[in-house]
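This report concerns a single protein chain. Its overall make-up is treated before a few selected residues.

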Amino acid sequence: MAFLQSVYAKLLTRAEPARGYPLWFPDPNNRLPQEYREAGLRIGDVGVVTADGTFDVFFNICLPEDHPLHATYGVPKGFQQIPLADHDIESTQPGDPHGRVIATQSIDQKRVAVGKTVETPRPVAEQDSMGVRFTSSSNEGALLVLPEGADQHDLCSLLLFEREALRCGKSWYEFAVSKLGRTGVSADSLYLITGYHKTSSWSLVTFDQSSGTGSLDALFTASKITNGNISAAYSWQMSSAVPCHIGPEPYNGAQNQTIFIRGFKIAIRECILLALLHGDVSISYEPPNTNWRTGESNLELAQKVESSSESNETREQDGLSLLQIPPTGIYHPSDLLIKCIMRNESDCEVTVVHDNVWGNMYQELPQGCGLPKDDKGIMQLIRNKYSTQSCSGVTCPQLHEGVSPSYAWSPGMQHHDLQENPEQPKNALQDQYRDRESKLCEQLRVSIASLTNQDPSTRYEIFTEAANVLTRLHSENTLLKQQLRGNHLDEPLGDWASPIEPDPAVPKLDGV
């Protein structure tokens, strides 16, 4: 079943990347409390995509500790609720019209009516019944039909969620492994939901060469659902065996079927997860700027684990069994980005990547193409729009334009810097943040003007000029080092790496 989820996700994410990550089984997980299943997934859910294509919810950061969802296993250590108001969520109802079809570029659609076919370049309009013929000569494809349309809901501001994921990423993995017993999770599988598309009914198809079907010729028909019998109302006629299904069964009209999710993918080093599985680690819930195990650096342990994994051997070293952690085998576009960032940011222990990142990267590619396989190609795409510098052991890609250079934890920053009063309204917290951000930006502008005799006006100009100044300083520093080495000056070069004493005439950029 993981095969179907992976094929479906890999193909449909390329069709409309802005929608996020598609689920092969949109139904709410049966293990959830009845009240939770009635509404389906919620913003703030933390969990993983399962092998069968559902979403397994562990807890929700927006709900109190005593909520029924948390009744059995509680919440992770260091848990702090982030309450949301209605104005914190942007809803589009309906987001998709009745009869909407999302399909890969290789699939052609024709509307079927009164025994004849006519080409339909746009989604099927709302009606009592519908019929669409899908054909494709490609060896792979995926499609989703929404006979009753869909609604879209998204968190307005991602800042609080991003910071919470950076602060608590390790503790959430510890909770999943130690408290929930999810020992099969991979080191890049945790998801924090920030948005979704939901519907009341759906039908979906996926196929590729490895499934034994190299083409598609199928007719989908849908009529009004009566007595909750969706199988009698929706049907497929296939020329060959192609994986497809309809739902939900039984049908009750509830808008609780999550067809797409959007959120932060959270990853930790495999060595940290391995230690959690063996119970050899104690997690700190302060900002992640301390080592989790004494005696060796995290990077050294990571290299040992990765070296052992590559040779697929089992050995004992320093009390740890360096077994390769089994991959989940479930495709997600962020996984390539996360692995690449981890390899290029050697001191990074926690990486948080939102689905917007790979969605934006797909815009740089020809339609239907996937991400590059090599680190160089991936990092080039990332750096076209994002910065990925690791800070205090965490990394989260940040857009070059329109936002601060980094929302990652900085040395000495504590969670109460963000939210001193948990009961304080979220919009007030956002106003405080924006006010401080504006002041820091103004200080940076004044400093650039004093250093370069240029006075940038917009945020983009300010950050661009700041980056240019730093680049020039780095180039000059490198040139000086090369000149020293060329003159055979063997004296230590530590002074060149020392911080330059600030000019009293330049305003101090506290916190930048």
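The model is predicted: local features need pLDDT of at least 70, side-chain atom pairs count only at pLDDT 80 or more, and totals for chains, interfaces and linings use all residues. Residues are numbered from 1 along each chain as its sequence is written, and side-chain values use heavy atoms, with hydrogens and water left out.

The chain holds 13 helices and 22 strands; these are DSSP runs numbered from the N terminus, helices being H or I of at least four residues and strands E of at least two. Of its 512 residues, 49% are buried. Buried denotes under 20% relative accessible area, exposed over 50%, and partly exposed the range in between (1.4 Å probe, protein chains only). Among contacts (heavy atoms within 4.5 Å) between residues at least 6 apart in sequence, 71% join residues at least 24 apart.

No disulfide, meaning a pair of cysteine sulfur atoms within 2.5 Å, is found in the whole structure.

| Residue | Relative accessible area | Class |
|---|---|---|
| C62 | 10% | buried |
| C244 | 31% | partly exposed |
| T92 | 34% | partly exposed |

Helix α5 spans residues 270–278, and its buried residues include C271, I272 and L273. G279 follows α5 with a positive phi, near 70°.

T92 belongs to strand β4, residues 89–96. Leaving aside residues up to four places away in sequence, T92 touches D151 and Q152. The C-alpha atoms of T92 and D151 are 5.9 Å apart, although 59 residues separate the two along the chain.
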